[in-house]
Amino acid sequence: MSKKQLKYDTAYLRMAHEWAKLSHCDRKQVGALIVKDRMIISDGFNGTPTGFENHCEDEENYTKWYVLHAEANAILKVASSTQSCKGATLYITLSPCKECSKLIHQAGITRVVYANAYKDGVGLKFLEKAGVKTELMQITDEQK
């Protein structure tokens, strides 16, 4: 990877961390950016669907079943626009779950750069099998 690409990857991942702060979820805040040809074409963070209350957890502190993941929100924004994810890179603060991995592959995203690993690696294994390049890139607090 070139120094220039590393610089861009770091910047986009830092921006994904900032986007995560917009989430109303208490347990985990996740942010995502979709970048194509060095242009941000979409963004997302985990949260409830439009028109629902913002709080993501129920009374027992479990995540509500209908909370959307950050990457799903970003992909859905692209789907309702004139853009295409084909050949794009997804920058995300937490690696994708198995369900979101299917969306990523089907949307045509070819590279995923993530800051932290999700509790199970099934999503990453699926993406690798599908030919989607995955890269762990941890950012220090100073870089955020």
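This note comments on the sheet, the annotated site and the cysteines of the structure above.

1. Basis. The model is predicted: local features require pLDDT of at least 70 and side-chain atom pairs pLDDT 80 or more, whereas totals for chains, interfaces and linings use all residues. Residues are numbered from 1 along each chain as its sequence is written, and side-chain values use heavy atoms, without hydrogens and water.

2. Sheet. An open sheet of mixed pairing is built from five strands in the order β2-β1-β3-β4-β5. Helices (H or I, at least four residues) and strands (E, at least two) are DSSP runs numbered from the N terminus, and two strands pair if DSSP finds at least two bridges between them. Strand β1 (residues 31-36) is antiparallel to β2, with six bridges; within this pair, Leu33 stands opposite Asp43 of β2.

3. Helix on the sheet. Helix α2 (residues 70-79) lies across β1, β2 and β3 (89-92), at about 130° to β2. Axes are lines fitted to C-alpha atoms, for helices over the stretch in contact, and angles run from 0 to 180 degrees between N-to-C directions. Contact means heavy atoms within 4.5 Å.

4. Annotated site. The unreviewed UniProt entry places a "binding site" feature at His69, Cys97 and Cys100. These positions are spread over 32 residues of sequence, yet their largest C-alpha distance is 9.0 Å. UniProt annotations may be inferred rather than shown by experiment.

5. Cys97 lies in the loop between β3 and α3 (98-107), and Cys100 lies in helix α3. Both are buried (under 20% relative accessible area, with a 1.4 Å probe and protein chains only), Cys97 at 10% and Cys100 at 5%. Leaving aside neighbours within four places in sequence, Cys97 contacts His69, Glu71, Tyr118 and Gly123; on that basis Cys100 touches His69, Glu71 and Ala72.

6. Disulfide. With a disulfide taken as a pair of cysteine sulfur atoms within 2.5 Å, the count comes to one. The bond joins Cys25 to Cys56, S to S 2.1 Å, and is left-handed, with -70° about the S-S bond. Cys25 is in the loop between α1 (3-20) and β1 and Cys56 in the loop between β2 and α2, so the pair ties together parts 31 residues apart in sequence.

Terms used:
Buried means under 20% relative accessible area, exposed over 50%, partly exposed in between (1.4 Å probe, protein chains only).
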